[in-house]
Amino acid sequence: MCKGVNINWNNLGFGYIKTDFRYISYWKDGKWDEGNLITDNMITISEASTALHYGQQCFEGLKAYRTKNGGIQLFRPYENAKRMNRSANRLLMPEIPKEKFVDAVRQVVRANEGYVPPYGTGGTLYIRPLLIGVGDNIGVGPASEYLFCVFCLPVGPYFKGGMVPVNFIVAEYDRAAPCGTGAAKVGGNYAASLYPYHLAKKGGFADCVYLDPQTHTKIEEVGSANFFGITKKNEFVTPKSPSILPSITKYSLLYLAQEYLNLRATQRDVLIDNLDEFKEAGACGTAAVITPIGGIHYKGKLHIFHSDTAVGPVTTELYNTLCGIQFGDIQAPDGWIIEI
Ligand SMILES: *Cc1c(COP(=O)(O)O)cnc(C)c1O
């Protein structure tokens with residue numbers, strides 16, 4: 001369907017690029033329509049849509065990878081489908097059948113196949129599903145209609161020329177409340193994070209570290225990624241809390257740490273006053289896979305983990321293992337890879 005495209009694959013960043021096709025489906029009168037691919041990247045919705053006023057919307061993020069033999073594959077898309085439905089439930093939006101979600105993703109990737117970066121460039125096709133409340137509403141309540149859309153764009157590797165550690169600062173703000181929407185992938189959490197992010201950037205940091213909203217003693221998130229640390233006893237540790245966004249990358253690393261790297265892997269509290277227990281630390285998520293944490297600034301001091309210029313050996317091995325699986329060079333655990 002899609003012709004060859006003229007893109008300098010080695011120069012790709014993370015900016016928006018309009019690709020040829022996107023999928024769109026409407027929910028009305030209690031059911032989803034069939035859905036179809038369209039070329040127009042503009043969405044026209046009622047001015048009274050709940051997504052615009054009351055933040056009734058959620059989204060997902062996943063990638064398609066070009067393999068060495070020229071194939072294209074998805075990494076654990078059913079996990080994204082399940083998570084989108086958990087987010088939808090939290091905001092009283094209709095679920096999207098898992099097969100419909102994955103089928104929409106497949107259709108969009110196939111239709112935009114020419115935009116999937118070649119193997120070896122480190123680039124991928126980033127896929128953004130979103131679900132928004134639309135229709136004529138103005139009172140506070142769930143929308144009468146919903147729109148599910150999936151679009152995609154080619155993105156470059158987060159770190160051109162290899163991973164580099166970056167520094168973070170502990171935020172004075174919370175991104176989520178104890179029983180709020182922290183575990184749902186909703187735009188409202190991001191709106192709340194824009195100001196602390198702005199302050200962190202202004203202070204010369206990559207982003208902020210959010211502590212648990214109840215006690216401000218435990219690490220929850222690092223920017224819009226999950227935290228992990230490697231203890232001096234060679235344990236892979238990641239925080240456990242109901243207000244953390246359950247990162248699919250994080251759960252994948254927990255499994256790989258244990259099964260592929262023979263580390264003990266644990267989810268438990270990570271105290272901001274006990275960073276000394278870690279010899280390495282990182283942030284993980286689909287966009288960057290792993291962002292090595294050089295240091296964390298807290299109460300006037302920068303705590304450095306492995307080094308603020310070099311990436312630790314365990315972090316490097318985790319990164320190479322996960323990327324190897326995503327690009328099809330390393331045998332994946334059962335069910336993790338879906339070929340297009
Ligand atoms: C999406 C997201 C992540 C990362 O999740 P992945 O499934 O690994 O991409 C982490 N934290 C927040 C707040 C997120 O929105």
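Student: Which residues does Gln73 touch, not counting residues up to four places away in sequence?

Tutor: Contact means heavy atoms within 4.5 Å. Gln73 touches Lys63, Ala64, Tyr65, Thr67, Ile325, Gln326, Phe327, Gly328, Ile337, Ile338, Glu339 and Ile340. This is a predicted model, where local features need pLDDT of at least 70, side-chain atom pairs count only at pLDDT 80 or more, and totals for chains, interfaces and linings use all residues. Residues are numbered from 1 along each chain as its sequence is written, and side-chain values use heavy atoms, with hydrogens and water left out.

Student: Where does Gln73 lie, and is Gln73 buried or exposed?

Tutor: Strands (E, at least two residues) are DSSP runs, numbered from the N terminus; helices are H or I runs of at least four. Gln73 lies in strand 6. Buried means under 20% relative accessible area, exposed over 50%, partly exposed in between (1.4 Å probe, protein chains only). Gln73 has 6%, so Gln73 is buried.

Student: Which backbone oxygens does the Gln73 side chain reach?

Tutor: The backbone oxygen of Ile325 is at 3.4 Å. That of Gln326 lies 2.9 Å from a polar side-chain atom of Gln73.

Student: Which residues of the largest nonpolar core touch the most other members?

Tutor: A nonpolar core is a set of buried Ala, Val, Leu, Ile, Met, Phe, Trp, Tyr and Cys residues joined through side-chain atoms within 4.5 Å. Here the largest has 36 residues; Phe101, Val105, Val109, Ile127, Leu131, Phe148 and Val150 touch the most other members. Helix 3 gives the most to this core, six residues. A second, separate core of 24 residues includes Phe75, Ala257, Leu322 and Ile325.

Key. A polar contact is a pair of N or O atoms within 3.5 Å; within protein, one must be able to donate a hydrogen and the other to accept it, and residues adjacent in sequence count only if both atoms are side-chain atoms.
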